[in-house]
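Dear colleague,

I am handing over to you the structure shown just below, together with its sequence. Please have both open while you read the notes that come after.

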Amino acid sequence: MYSDEKLLPLSGLQHILYCVRQCALIHIEQQWADNFFTAKGIVMHEKVHNEKIERKKDIVIERDIYIRSHALGLVGKSDVVEFHKSGARLLPFPVEYKIGKPKEDNTDKVQLCAQCICLEEMTGCNIPRGAIFYGKTRSRLNVEFDKELRAQTTKLAGEFHELIESGVTPKPEYSKKCSNCSFNEICLPEIFGRKSTVKQYLRDIVNEETV
Ligand code: SF4
């Protein structure tokens, strides 16, 4: 169990799953780089958070709730938590808002699962599922919080803590995802992350220009 002083931002899980170096740049070196996607995401979140608490027939919807888990060592905010009537109780159902469409990897699901574990710790409820709303497809993806997703989330939270404890930013590793990464211009993975040397990279540029 982590103490209050050791709690880290829940958003770090999606960063470490996407790229360990990106995670270190944000959470160790405190750098942040906006690109079109992150800027649009912030606007979308502000829209979500501007609305008030809603009450529907069997659902109470609350926005912008602070959440934390001492087991994971994480603290953050939930975009939306719907409380669904279940017998005499209200069962939390976390909903995360994302721009774009469902991803092939688990970055969004892991973040939602961490919210689920926080809410379970805070409320004592067992939360079986939640949902992610994607702006591009204007649709909800239901997410089951099964054993595998919970295990992946817990493992990543541990790795996130180890990275922060180490205080070391790893070197870049160039891959396809670098072209969509908001840190591309800070990180320069094309130069420092390729297996070939900087000398070779510069030689390639000169060759391309003289062709
Ligand atoms: S540009 Fe590539 S290596 Fe650098 S932080 Fe982004 S994903 Fe990681």
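What follows is an account of what was found, beginning with the whole protein and then moving through some of its parts.

Please keep in mind that this is a predicted model, in which local features need pLDDT of at least 70 and side-chain atom pairs count only at pLDDT 80 or more, whereas totals for chains, interfaces and linings use all residues. Residues are numbered from 1 along each chain as its sequence is written, and side-chain values use heavy atoms, with hydrogens and water left out.

**The whole protein**

The protein contains 8 helices and 7 strands; helices (H or I, at least four residues) and strands (E, at least two) are DSSP runs, numbered from the N terminus. Of its 211 residues, 40% count as buried, where buried means under 20% relative accessible area, exposed over 50%, and partly exposed in between (1.4 Å probe, protein chains only). The protein exposes about 12700 Å², of which carbon and sulfur atoms supply 53%; such areas come from the Shrake-Rupley method with a 1.4 Å probe, and for residues only the protein chains shown count as cover. Taking contact to mean heavy atoms within 4.5 Å, one finds that among contacts between residues at least 6 apart in sequence, 62% join residues at least 24 apart.

**Helix 5**

Helix 5 has 20 residues (147-166), which at 1.5 Å a residue should span 28 Å, and the 29 Å between its end C-alpha atoms agrees with this; the expected span is 1.5 Å times one less than the number of residues. Its buried residues are Leu149, Thr153, Leu156, Ala157, Phe160, His161 and Leu163. Seen down the helix axis, these buried residues fall within an arc of 160°, so they line one face of helix 5, the arc being that of the directions from the helix axis to the C-beta atoms. The face turned away from this buried side carries the exposed residues Lys147, Glu148, Lys155, Glu162 and Glu165. The buried residues of helix 5 pack against several elements, including helix 1 (12-18), helix 2 (20-27) and strand 4 (74-86). After helix 5 comes Gly167, whose phi is positive, near 70°.

**Helix 1 and helix 2**

Helix 2 is mostly covered, with 7 of its 8 residues buried, and its buried residues pack against strand 1, helix 1, helix 5 and helix 6 (184-187). In helix 1 lies His15, which counts as buried at 10% relative accessibility. A polar atom of the His15 side chain lies 3.3 Å from the backbone oxygen of Ser11. Leaving aside neighbours within four places in sequence, His15 is in contact with Val20, Gln22, Cys23, Ile26, His27 and Trp32; of helix 2, Gln22, Cys23, Ile26 and His27 are among the buried residues.

Ser78, in strand 4, counts as buried at 0% relative accessibility. A polar contact of 3.1 Å joins the side chains of Ser78 and Gln115; a polar contact is a pair of N or O atoms within 3.5 Å, where within protein one must be able to donate a hydrogen and the other to accept it, and residues adjacent in sequence count only if both atoms are side-chain atoms.

Rings of Phe, Tyr and Trp (its six-membered ring) pair if their centres lie within 6.5 Å, and planes under 30 degrees apart count as stacked, over 60 as edge-to-face and the rest as tilted. By this rule the count comes to 1 aromatic pair. Tyr97 and Phe133 form it, tilted, at 5.3 Å centre to centre and with 40° between the planes. The pair links distant parts of the chain, since Tyr97 is in strand 5 (residues 89-98) and Phe133 in strand 6 (residues 129-134), 36 residues apart. Both Tyr97 and Phe133 are buried. Ala131, also placed in strand 6, is buried with a relative accessible area of 0%.

Most residues other than glycine have a negative phi. Asp64, although not a glycine, has a positive phi of about 60°; Asp64 is found in strand 3 (residues 59-69) and counts as partly exposed at 25% relative accessibility. Arg138, likewise not a glycine, has a positive phi of about 50°; Arg138 is found in the loop between strand 6 and strand 7 and counts as exposed at 62% relative accessibility.

With best wishes
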